[in-house]
Structure formats: C-alpha cells, structure tokens
Amino acid sequence: MADRQPGAAAAPAPFLAYQDGTGASCRLELTGDSGRLTIGRAAERDLQLDWDLEVSRLHAELELVGREWTVIDDGLSRNGTFVNGQRIAGRRRLSDGDRVRIGGTAMVFHAPGQRDRTTVVAQDLPSQLQLSDAQRRVLVALCRPYKHSSPYAMPATNQQIADELVLSVDAVKTHLRALFQKLGVEGLPQNQKRAKLAERAFAAGMVSESEL
C-alpha cells in the first residue's frame, strides 16, 4: 500500500506525488527494493486508488528496469493510462516531471537524482530579448497553469493558448516550434517537449510567477 503521509518533500528515491480522495497530498516512494508495483482499485494493489471509479481493479504496473522506472498498461485497464496527456500502449519510461493519469487521478513522477543530471544552467539559455513579442506571449500562456506552483499542473494546450491570445491553433504551433528550437528541446519526444519548455523558461527567468 502507498504511504499516505501528508506532503511530498523531495527524497533521494523517485516517487509519485498525487492527491487521494479527500484531497490530501500523498506520495508513493519507489525504491530499488520495490522492483515491480501494481496500481488499481482492488485492496491487494501496492497503490490502491479505491476512491476513483475510473480506475480498474488492476489498472497498471510500475517496474524498475535497470535504473529507470517504467509504467506499464498492456491492455490491463478499461480507461487507459496517460503520460503527459498521451495514452500509452505497453511500457513507457518515466522521466522527472512526467504527468501520469490513472483513471481520473493525476500524479507527477519525481526523480531527484535524474533531475540533478539534467539541470540546465540558466546562463546557457536564451534571454527574453531573443524572443519576439509573440513568442514571449505564447510562452507565458503555455506556463500559466503553473501559476500556483501545483505539482499536478500541466502546460496549457494549443487550443487554450489560442483562445487566450486570440490566435489560430496553427499560429500557436508555429511559435511553439520556434520556442522548442530556441530553448533546445526540439530533440525530445513529443510528449515531453511542452513540460520541458516550461521548465527551462522558469529556470532561465524568462517567465516569472508574477506574470502568470
């Protein structure tokens, strides 16, 4: 069973941060001893999400492969498992900051050691002056869901950005492609680009919480 202690402070071991049915903050620590964990509504699961009726009795599994944690949903669930908004089929390696949705329950995967290896030095990133006004507005809109520093926040969608800025979705996509290139995330998998773009924008001071 998951440790449902309040809070989700950083720890050497990776962990999943989520909220239970009462809204309390919880985390499931993923240690090397765990190896393989099950997620579902049934009482015998390692992470029991018994309050979420969209979760199957056996919904998904977490498995340690080498030094990397993976999430597996190989047809186990009825409603699917999503990582960064994309439904997975089979196995998906988790990276620090990935947003995982099991049924209606949102989680964030934290890997402190992995984060330390991939930290970007702010001075290596472009400054605000290297962005056009339009690109900067799109970047701020992308980051707006992070306004209250919630660990469950996800970047704004193309449609949300388009609606806020009164742009076409195609125009938003064009600006985002330019931002992906300028901030050096164009080589990442598609499902990671937006979250990493927001992360680097905050790290470089290109977007501050006061602007959101």
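## Before we start

Because the model is predicted, local features need pLDDT of at least 70 and side-chain atom pairs count only at pLDDT 80 or more, while totals for chains, interfaces and linings use all residues. Residues are numbered from 1 along each chain as its sequence is written, and side-chain values use heavy atoms, with hydrogens and water left out.

## The whole chain

Let's begin with the big picture. The protein chain holds five helices and eleven strands. Both kinds of element are DSSP runs numbered from the N terminus: helices are H or I runs of at least four residues, and strands are E runs of at least two.

Of the 212 residues, 45% are buried. Here, buried means under 20% relative accessible area, exposed means over 50%, and partly exposed lies in between (1.4 Å probe, protein chains only). The accessible surface of the chain is about 10800 Å², and carbon and sulfur atoms account for 48% of that surface. These areas come from the Shrake-Rupley method with a 1.4 Å probe; for residues, only the protein chains shown count as cover. Contacts, meaning heavy atoms within 4.5 Å, tell us about the fold too: among those between residues at least 6 apart in sequence, 45% join residues at least 24 apart.

Strands of a sheet pair through backbone hydrogen bonds, either parallel or antiparallel. In this report, two strands pair if DSSP finds at least two bridges between them.

Five bridges link β1 and β2 in the antiparallel sense, and F15 has E29 in β2 as its bridge partner. In the loop between β1 (15–19) and β2 (25–29) you will find D20. D20 counts as buried because its relative accessibility is 13%. The side chains of D20 and T22 form a polar contact of 2.7 Å. A polar contact is a pair of N or O atoms within 3.5 Å; within protein, one must be able to donate a hydrogen and the other to accept it, and residues adjacent in sequence count only if both atoms are side-chain atoms.

## A sheet of five strands

A second look around the model brings us to an open sheet of five strands, ordered β4-β3-β5-β6-β9, with mixed pairing. At its edges are β4 (47–48) and β9, each pairing on one side only. Strand β3 (residues 36–40) runs antiparallel to β5, and four bridges join them; T38 stands opposite E61 in β5.

Now follow strand β5 (residues 60–65) into β6: the two pair in the antiparallel sense over five bridges. V65 stands opposite E68 in β6. Two residues lie between the strands of this hairpin, where G66 takes a positive phi near 65°. Antiparallel pairing over four bridges also joins β6 to strand β9 (residues 90–93).

Why is β6 (residues 68–73) described as largely enclosed by the rest of the structure? Five of its six residues are buried, so the rest of the structure largely encloses β6.

At 5% relative accessibility, T70 is buried. R93 in β9 is the bridge partner of T70, while the side chain of T70 makes a polar contact of 3.0 Å with the side chain of R91. Not counting residues up to four places away in sequence, T70 touches several residues, including E61, L62, R92 and L94.

## The second largest pocket

A pocket is found on a 1 Å grid over the protein atoms alone, as an open set of points where a 1.4 Å probe fits, with protein on both sides within 12 Å along at least five of seven lines; lining residues have an atom within 4 Å of a point. Grid points are joined across faces, edges and corners, and a volume is the space filled by probe spheres set on the points.

The second largest pocket has a volume of about 350 Å³. Its lining has 16 residues, with N84, T157, N158, Q190 and R194 nearest the centre. The elements giving two or more residues to this lining are α4 (169–182) and α5, and α5 supplies the largest share, five residues.

Q190 belongs to helix α5 (residues 190–203). Is Q190 buried or exposed? Q190 counts as exposed, because its relative accessibility is 52%. Although Q190 and N84 are 106 residues apart along the chain, their C-alpha atoms are separated by 9.6 Å.
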